[in-house]
Structure formats: structure tokens, C-alpha cells
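Trainee: I would like to learn how to read helices and strands from a model. Could we work through an example?

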Amino acid sequence: MSTSRTDALSRLQGAGRFALELEAVSRHFGALVALADINLTVRAGERRAVLGSNGAGKTTLFNAITGDYPPTTGRVRLFGEDVTDLPVHERIRRGLRRTYQISLLFDGLSVIDNIYLACRGVSRRRFSLKRPGRDDSAFHTAETLLSAVHLDDARDMLVAALSHGQQRQLEIALALAGAPRLILFDEPAAGLSPTERTELVEILQSLPDHIGYIIIEHDMDVALRAAESVTMMHNGRIFKEGTPEEIENDPEVQELYLGQGHG
Ligand SMILES: Nc1ncnc2c1ncn2[C@@H]1O[C@H](COP(=O)(O)OP(=O)(O)OP(=O)(O)O)[C@@H](O)[C@H]1O
């Protein structure tokens, strides 16, 4: 981690606030226990990877954090505030964002229009009847986000004409609209080529320091490069936590992960 990023993180965390605290979170689907007694904290600005085999409970963990599927038991706190009983949109208002495994882009619109709509959607003036002009601040924000996800060259292309990798980059831009403080990325590298994966990691690494994220990733290499801490899940429980180096060199993790054909 660079010295300037370390300094920025200590400033953020000096405020003494966690971005996320999960306390004894469980989620049942009928008799199935998808999450069991999860205790997890993520510091403000921290970048965390969640690894685990199929069915380990990673997406259910995201659903519990966002409120898409609230926990059966346990508490969820965002930036020090208990949000367990709050609906999804109230968590979004508090700076939580999420990307999905499936695309939620508008295929028939251009890249810049997709980003612009996301920016308008979270702006205070979204109900204004006035036709937006070039001085609309959402336009400027959209142009900034376009560059942040390396899509300047695809600015006016229709989403339907983008490569799979470009679509994933655009999804990141949409998650950056508004003032996100914690983003949950659900397998952003799925289906990407090695070159696209490298670009994705560069984009994630250059996000502003105050934006923390949790990334679900099957590709160990991407996860270990994009994160500074790792949580490994297995059968709905936290199996290991550590730095990327600790997780990579852990014999139990290697056995579990490589034994299941990942890596
Ligand atoms: N809405 C649901 N209804 C019933 N069972 C569910 C639901 N969502 C998840 N599950 C079950 O919960 C368990 C955990 O699923 P989850 O999708 O969280 O795993 P995952 O680690 O994200 O897996 P993958 O890597 O395949 O996406 C699985 O057994 C799954 O079938």
C-alpha cells in the first residue's frame, strides 16, 4: 500500500468509525442456513475481498448488508448507525452501493447517458422539470466518472455495442454516482479476459481513498491485488481472515480453495 494511501486511511479511521459492522448475523432460507453467526467489521476506506466456493454465502452476505434479504437474526451497522431495520434505499442514502452479477445497464442508451442518468438519479434536482443544460453539474460528474473507469474512448457508444469488460467498467461508474462510501462489488471480474482483469484492478486501486469496498471474487489473483484484507467464507461461516499474503500462504485455505478447482 502506498504511503499516501496509508496516511489517508489513518485520517479516515482516526474518526473512529467503522464503515460496516455485522454482529452475529444469520440468514435462513427455510431449513437452509445460508449465513451463520457472522461477525465482521470493515474500517472506513478499507478494501476487503470475500472469497469462498459456490454456495459459501457470499451473495447472501451482500444481501444482508444491503437489506435486499435482511438477516434472520443479528444486527447490521453502517458508519456507526444501526440499519438492520432500514429499507434498501435508506442504506443507499447513507452511502452504500452495490453491483450485481447480472447487468442492470440501459442497452439502448450511450455510455455517457447511462452515467448521466445515474448521476441525475441521486441528485437533489432529479424532479426538476427544467430540461438539463450543459451546465448541469450532473454532466460534469458524469464526465469525471467516465474517465475514472477508463471509458473515455467509448463515451458515445451504445451499451449494447460494448465489450463485456467495458460493460463491467460502466457498472462501476454507476456505483460511483452520488457520494458512495462503501461499495459492494459482486464478482466484477466474472467473464473478463486477463487484460480486462488487469484494467479492472487498476480502476479499483485508483478509486478515491475515502471509498471503501468489499469485492466478491472467484479469481484469487484479482482479489488479492484489489484488496488489503481478505475474508474467506465456507458453508455460511467465516473460515479465515487476514492480509492477502496470509490468506495466500495459509495451508488450510490452499487445501480448501485448490481442492475445489479454483486458483
Ligand atoms: N433466495 C434464496 N432462496 C433460497 N436459498 C437461497 C437464496 N439465496 C441463496 N440461497 C442459498 O444460500 C446458500 C448460499 O448462497 P449464496 O448465493 O449466498 O452463495 P455464494 O457464496 O454467493 O455462491 P456463488 O459463488 O455460487 O454465487 C446456497 O445454498 C443458496 O442456494
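Predicted model: local features only at pLDDT ≥ 70, side-chain atom pairs only at ≥ 80, totals over all residues.

Trainee: How many residues of helix 6 are buried?

Mentor: A residue counts as buried if 20 or more other C-beta atoms lie within 10 Å of its own. By that test 10 of the 13 residues in helix 6 are buried, so the helix is mostly covered. Among them are Gln 166, Arg 168 and Glu 171, along with Leu 170, Ile 172 and Leu 174. After the helix comes Gly 178, with a positive phi near 85 degrees.

Trainee: Which residues lie on each side of strand 7?

Mentor: In a regular strand, side chains alternate between the two faces of the sheet. Here Leu 182, Leu 184 and Asp 186 are on one side, while Ile 183 and Phe 185 are on the other. Both faces are covered. Five of the five residues of strand 7 (residues 182-186) are buried, so the rest of the structure largely encloses this strand.

Trainee: Which strands pair with strand 7?

Mentor: Strand 6 (residues 96-98) pairs with strand 7 in the parallel sense over three bridges, with Leu 182 as the bridge partner of Leu 96. Strand 8 (residues 212-216) also pairs with strand 7 in the parallel sense, over five bridges; there, Phe 185 has Ile 215 as its bridge partner.

How values were computed:
Residues numbered from 1 in each chain as written. Buried ≥ 20, exposed ≤ 12 C-beta atoms within 10 Å, placed from the backbone. Helix = DSSP H or I, 4+ residues; strand = E, 2+ residues; numbered from the N terminus. Pairing = 2+ DSSP bridges.
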